[in-house]
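Subject: Handover of a structure, with notes on its contents

Dear colleague,

I am passing on the structure below, together with my notes on what was found in it. Please read the notes with the structure open beside them.

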Amino acid sequence: MVILAVMGISNRGKTTAIKLACEQFEKELTSRSIRFEKESIRDDDDICIVITVECKLRIIFSSSGDYGDHVASSLKIAREKGYDILVTATRTKGAPWVALAANRGDDCIIELPPVTASVNAVKDNPGLYGENFSNLSKLTATNILVALQHIIIAIKADCRVDISLTIPLI
């Protein structure tokens, strides 16, 4: 399994970015008439959604990564069900990162830091960054989609899921 770990400190848009990337991925599959199934695993503010694409590619998007047990739970579910890719949020250190490192097994972890800016930069340039880092989350979501596209090609060359590389900032 390939783990795409969206890393960062608290309140920097990891959850929002993963939600946006999942939504955009679904839209792209739908607009290209690529069949897929969607299964929601958890019902709370965080998402844990599995998308199975027609070429048997199974991706789990899990935005819950603030605590070690959240990350360990997502890893366990993904491994038990044989998913190909896990996109998960995690903190840069502490229990979530320890849980990811300790439970990785033979999995490949790709660290994806979120697009960041200082709080002062956001305050001084609200039009550029958006309120509460919203545009930064969109840029991070775009990075997730770009990484996903490369991972899909690398692990399933016969699975041509051509996804859009951008999420509109407006």
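Predicted model: local features only at pLDDT ≥ 70, side-chain atom pairs only at ≥ 80, totals over all residues.

Residues are numbered from 1 along each chain as its sequence is written, and side-chain values use heavy atoms, with hydrogens and water left out.

The chain as a whole

The secondary structure of the chain comes to six helices and six strands, where helices (H or I, at least four residues) and strands (E, at least two) are DSSP runs, numbered from the N terminus. Read from the N terminus, the elements follow the order β-α-β-β-β-α-β-α-β-α-α-α. Of the 170 residues in the chain, 47% are buried; here buried means under 20% relative accessible area, exposed means over 50%, and partly exposed lies in between, with a 1.4 Å probe and protein chains only. Among the contacts in the chain with a separation of 6 or more, 67% are accounted for by residues 24 or more positions apart, a contact being heavy atoms within 4.5 Å.

Helices α2 and α3

Two packed helices are described by the angle between their axes and the distance between the axes. For helix α2 (residues 68-80) and helix α3 (residues 95-102), the axes come within 7 Å and cross at roughly 25°. The axes are lines fitted to C-alpha atoms, for helices over the stretch in contact, and the angles run from 0 to 180 degrees between N-to-C directions. The helices α2 and α3 are therefore roughly parallel to each other, since angles under 35 degrees count as roughly parallel, over 145 as roughly antiparallel, 65 to 115 as roughly perpendicular and the rest as oblique. The crossing of α2 and α3 is right-handed, which is the term used if the near helix is turned clockwise from the far one by less than a right angle, left-handed being the term if anticlockwise.

On the side of α2 the contact is made by Gly 68, Val 71, Ala 72 and Leu 75, and on the side of α3 by Ala 95, Pro 96, Ala 99 and Leu 100. These residues of the contact divide into seven nonpolar, one polar and no charged, where Ala, Val, Leu, Ile, Met, Phe, Trp, Tyr, Cys and Pro count as nonpolar, Asp, Glu, Lys and Arg as charged, and the others, Gly among them, as polar.

Salt bridges

A salt bridge is taken as a side-chain nitrogen of Lys or Arg within 4 Å of a carboxyl oxygen of Asp or Glu, and by this rule the count comes to three.

One of them joins the side chains of Glu 26 and Lys 38, at 3.3 Å from N to O. Glu 26 lies in helix α1 (residues 14-31) and Lys 38 in strand β2 (residues 36-40), so the pair ties together parts that are 12 residues apart in sequence. Glu 26 counts as buried at 15% relative accessibility, whereas Lys 38 counts as partly exposed at 46%. Leaving aside residues up to four places away in sequence, Glu 26 touches Phe 36, Lys 38 and Ile 51.

Another salt bridge links Arg 79 with Asp 107, the closest N and O atoms being 2.4 Å apart. Arg 79 lies in helix α2 and Asp 107 in the loop between α3 and β6 (108-112), so this pair ties together parts that are 28 residues apart in sequence. Arg 79 is partly exposed, with a relative accessible area of 39%, and Asp 107 is buried, with 8%.

In the remaining pair, Lys 76 forms a salt bridge with Glu 80, with 3.9 Å between the closest N and O atoms. Both residues lie in helix α2, four residues apart, about one turn of the helix, and both Lys 76 and Glu 80 are exposed.

Further residues in α2

His 70 lies in helix α2 and is partly exposed, with a relative accessible area of 26%. Not counting residues up to four places away in sequence, His 70 touches Ser 64 and Gly 65. Ile 77 is also found in helix α2, and, with the sequence neighbours up to four places away again left out, Ile 77 touches Ile 41, Ile 60 and Tyr 83.
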